[in-house]
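Dear colleague,

I am handing over a structure to you with this email, and my notes on it follow below. Please look it over before you read on.

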Amino acid sequence: MMLGSKTTGSFRLKAGKIWIKSIPYVFIMPFGILFLLFFIAPIMYAFYSSLFVVKHSGLGLSAPVTVFNGLFNLNQAFHDPLFYQSLGRMLLFGVVQVPIMLGLALFFALLLDSVTIRLKNLFRMAFFVPYAIPGVIAALLWGYLYNPQLSPIVQFFHAIGWKSFDFLSQHAVLWSMANIVTWEWTGYNMIIIYSALQAIPHELYEAAKIDGSNGFNIARYIKIPLVAPAIVLSGLFSIIGTLQIFNEPSTLQYITNSITSSYTPNLYAYTAAFVTNQYNYAAALAVLLAIATFIFSFGLLRITTRQTGE
Amino acid sequence: MAKPTRSRWFTKLALATIAILSIALQACGSSSQSSSGPVNLTFWSWVPNIQKSVDLFNSTHSNIHVTLNSVTAGNNGTYAKMLTALKAGNAPDLGQIEYQFLPTFESVGGLVDLSQYGASSLQSDFVPWTWKQVTVGNAVYAIPQDSGPEAMFYRKDLFTKYNLPVPTTWAQFQQDAVALHTADPSAYITDFPPKDAGWFIGLIWQAGGRWFRINGQSWNINVNDTASMQVASYWQNMLSNNLVKTDPDFSTAWYNDLQTGTVATWLTAVWGANTIMSNAPSTSGDWAVAPMPQWTAGQQVYGNWGGSTTVVFKDSKYPQQAAEFAQWLNTNSQSVQDMVQGAQLYPALQSALSSSYINQPSAFYGNQNIYQVFQTISGNVDVNFQWGPTMNQVFQDMSDSFSNVTNGQGTLNSALNSLQSSTVTYMQQQGFSVNGG
């Protein structure tokens, strides 16, 4: 390309610079457009819907009108004890279940990584398989094992004299659900951590061995610190997943009286929208849940980044 | 250089998107157009084998063609779909709706008043209480299809084994409950399904509870009236004394109890006959049907659980033809017979109840003619029971609070008291004119 006079040259350089600067945006455009269309837009629409209420009049035999009512729905949802109970239930669930699941995932990942066992691929697959089973099917399968009349496990406990044993009782059902979630997701998290382990250079292990480290110390001082970011990532996903639990309670509610329609935040929003036809209130619940999820997941990110000193 | 290319690429993309969208929109819009030939109607229903009646209609009516859309049962998502479609203005011409949800659909202005198409003349053809359910004043919002008069299905073998009298009053029913549970601690008189609001409301209906009343231009709400509180106290007593099971009905555990004789009765509607037959085949010959126990000895008052209607939605372009189909479907004797035989439903059409294809002994029930019992009950179902316009919310609140009761929180009576206030509040919020209490 030939440059003409100096002025046109600098102009062309400038134009080129702008072009170069805009290249990253061009590359993220496909993602950006989809992100706007399928993520930001629905949230904005949910927020918009939450600003309205449906109003009947008199006996209500004519079509109702949808009227603007400002933050009424959001305010009501913000003060809804059922919403907080469901949120609190899921936090309790998360505090207990997420560490257990990640602990198990880390344990299995280290086991697969350290021991040169035969059939390693088979074990890796076996741990991962539950993740491949759809959540509803998993809940159905476990539902069968929890069912007092049909479950061999429950019948065993009843046979040895523990008559009140019941997976689905009011106090047990949350942990029965935690068991299903752990069963389903441990393998998935294990794969994430295992992949991180695979990326650690083997020279580090050799150096540690020369310094006299045994397998346990290698795991404790080299592997775990180096896969910490992967664990944080799994933790983040798990917290988001916990707040959005839906399949398990919505399947189990048909076999036990312990699960009410507002058992988890998502089930509550679903019931409001599709069972009791309160679309606008459901939208308000959805917006609040999105905000709560945002706070908890970013809260965790900030805490962990501060600790690792980044 | 680069920028023009990008914007051209954009233009192309935008044009392509618009083109695809417009094709899709055209495809959507053109489905029900027909300038000549028969009028096309769509019908959403979940009744098994109802296609046979639809085919018969199409073959005998050259000017109307009805297309059946098989959907899942109302509460499994179809009502939500119908309400959404009404909101969007593209509901089908015809639909299946249960009695208890008619006011809900009326209150969104979703149903066509069929009296303008001559439906009022059909009144005497139908069982009285079903007709009362589909009318508001002079308006006819649906054509009754089937009904669910309630009776007591009981294990004759167990009643004989433990020498229990078949109860005719609720007091006797409770004595039997005690006697049975004492004789066999693993056996119960019946199951109390806390999540099934429809089941409990059937009992309220029989006892004379009147939760909703239309009073001029406003609703009177009396969820905790005297009759309802009496029913609540009765079952609370049964629960507190551990005389009933509390499994959710239609769950695997519950079916298991039907098979094994863990429960000696099921208080249910006529359609329950088929549920037992197909889910507990090994108990053939063990069951019998008796009228529901009474609150006052010697009375004959019954309740209802379930049954549905055919409606015409407001979005129909051909309401007259749709009304014709709705009326034909539920009054044509061949159509009704096909539905009875194809879906085991119990028709609301009076003349069908005494027909030979219904009124006959069934081998499963030890050759008892159970439909004779139901025909009597059907004629004695209380006519003045009225559903409200927010039954979805009422059912949900009830099912949640009754579940909490079986988990030891509160009593059925306190649950009804809180249901009264939550229903009034909810209806007021929605703008209905309400008088509570």
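How many residues of chain A are in contact with chain B, and how many of chain B with chain A? In this predicted model, 40 residues of chain A are in contact with 47 residues of chain B, where contact means heavy atoms within 4.5 Å.

Local features need pLDDT of at least 70 and side-chain atom pairs count only at pLDDT 80 or more, while totals for chains, interfaces and linings use all residues. Residues are numbered from 1 along each chain as written, chains are lettered from A in the order written, and side-chain values use heavy atoms, without hydrogens and water.

About 3,400 Å² is buried between chain A and chain B, and carbon and sulfur atoms give 52% of this area; buried area is the accessible area (1.4 Å probe) that two parts lose on being put together, summed over both. On the side of chain A that touches chain B, α1 (6-49), β1 (52-55), α2 (72-78) and α11 (265-274) of chain A each supply at least two residues, and α1(A) gives the most, with 5 residues. Helices (H or I, at least four residues) and strands (E, at least two) are DSSP runs, numbered from the N terminus.

B:S362 counts as buried because its relative accessibility is 14%, and buried means under 20% relative accessible area (1.4 Å probe, protein chains only). Apart from neighbours within four places in sequence, B:S362 is in contact with B:N367, B:Q368 and B:I370.

With best regards

Key:
Buried < 20%, exposed > 50% of the residue type's maximum accessible area, 1.4 Å probe, protein only.
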